[in-house]
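Open the model in your viewer and keep the selection tool at hand.

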Amino acid sequence: MNARLPDTAMAPGQPSLQAVRLSKSFLSGHVRVQVLQGLSIALYPGELSLISGPSGCGKSTLLSLLSGLQSPDEGQAMALGEDLGRMSARALEHFRLRHTGFVFQGFNLFPALTALEQVQLPLGYMGFKRAETLRRAQRALDEVGLTQRSAMRPAELSGGERQRVAIARAMAKEPQLLFADEPTSALDAESGQRVIDILHRAARAHGTTVLCVSHDPRLVRHADRVLGMEDGVIRNDWRQNQVTPE
Ligand SMILES: Nc1ncnc2c1ncn2[C@@H]1O[C@H](COP(=O)(O)OP(=O)(O)OP(=O)(O)O)[C@@H](O)[C@H]1O
Ligand SMILES: [Mg+2]
């Protein structure tokens, strides 16, 4: 795999992520539960967009459709101008590896690896040479304030530090799309705040499209855009005017 492929080209002003009348249902016993009901949204680079809504309303499902982890029953999930539903399994896997980063509530770290190794691992899969994986991993750990913890394993790190390793791992790929599902819910106030600031900086400094799903009211204040989801559709959508030069 060539790690130096150019980023997917997109016309300015175009959404980097788009749900077009997405529908998704699941079979629960004999009952079909309609989770998404023709949901449409368009998200843009350089913004931290937050999806909030009651438990079970379909937030994680929407994230998995927009990142190509699951496919919709109807409608289209578009990412960086490409229809994920039209890609082969191999192309989708490559797309996800190359262009997307993920942060989950449960951190998903490997117990045996040091912080540095956790961050280097996906970079190796992407085809970067070892020296480059080291350079990128060190820079990402520095960005999340964990340079001093590089040699530690998850058991030696606090919850907030583990989440920052997970964010560094996602950001070291320099993905155009960063997905975060409840990234702060397992964290105390201070660690949660730090994680929010880092996600926000990723959007601002790197032009990343950050899509975050959360109940956390602290995140609302820091999002550029807040989308309220209920009963499988977006009920409200507002932007906050807080763009300040850095
Ligand atoms: N793979 C699956 N099989 C069956 N039902 C599913 C599956 N995934 C999700 N669901 C159902 O779809 C609905 C929405 O789930 P989803 O995880 O998207 O909600 P959520 O908004 O992320 O909730 P929470 O805030 O609790 O994380 C729930 O009723 C859930 O039980
Ligand atoms: Mg969820």
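**Stop 1**

Select L199 and show its contacts: leaving aside residues up to four places away in sequence, L199 touches L48, A180, P183, V210 and C212. Two residues are in contact if their C-beta atoms, placed from the backbone, lie within 7 Å.

This is a predicted model, in which local features need pLDDT of at least 70 and side-chain atom pairs count only at pLDDT 80 or more, while totals for chains, interfaces and linings use all residues. Residues are numbered from 1 along each chain as its sequence is written, and chains are lettered from A and ligands numbered from 1 in the order in which they are written.

Next, select L66, V119, L141, A168, L199, V210 and C212, which touch the most other members of the largest nonpolar core, a set of 60 residues. Such a core joins buried Ala, Val, Leu, Ile, Met, Phe, Trp, Tyr and Cys residues through C-beta atoms within 7 Å; buried means that 20 or more other C-beta atoms lie within 10 Å of a residue's own, with C-beta atoms placed from the backbone. Helix α5 gives the most to this core, seven residues.

**Stop 2: helix α3**

Select residues 115–125, helix α3, where A115, L116, Q118, V119, Q120 and L123 are buried. Helices are DSSP runs (H or I, at least four residues), as strands are (E, at least two), numbered from the N terminus. The cover over the buried residues of α3 includes α4 (130–143) and α5 (159–172). Just after α3, G127 has a positive phi of about 100°.

**Stop 3: ligand 1**

Select F26, S28, V33, V35, S55, G56, C57, G58, K59, S60 and T61, the residues around ligand 1 (C-beta atom, placed from the backbone, within 6 Å). β1 (17–28), β2 (31–43) and α1 (59–66) each give two or more residues to this shell, and α1 gives the most, three.

Methods: Buried ≥ 20, exposed ≤ 12 C-beta atoms within 10 Å, placed from the backbone.
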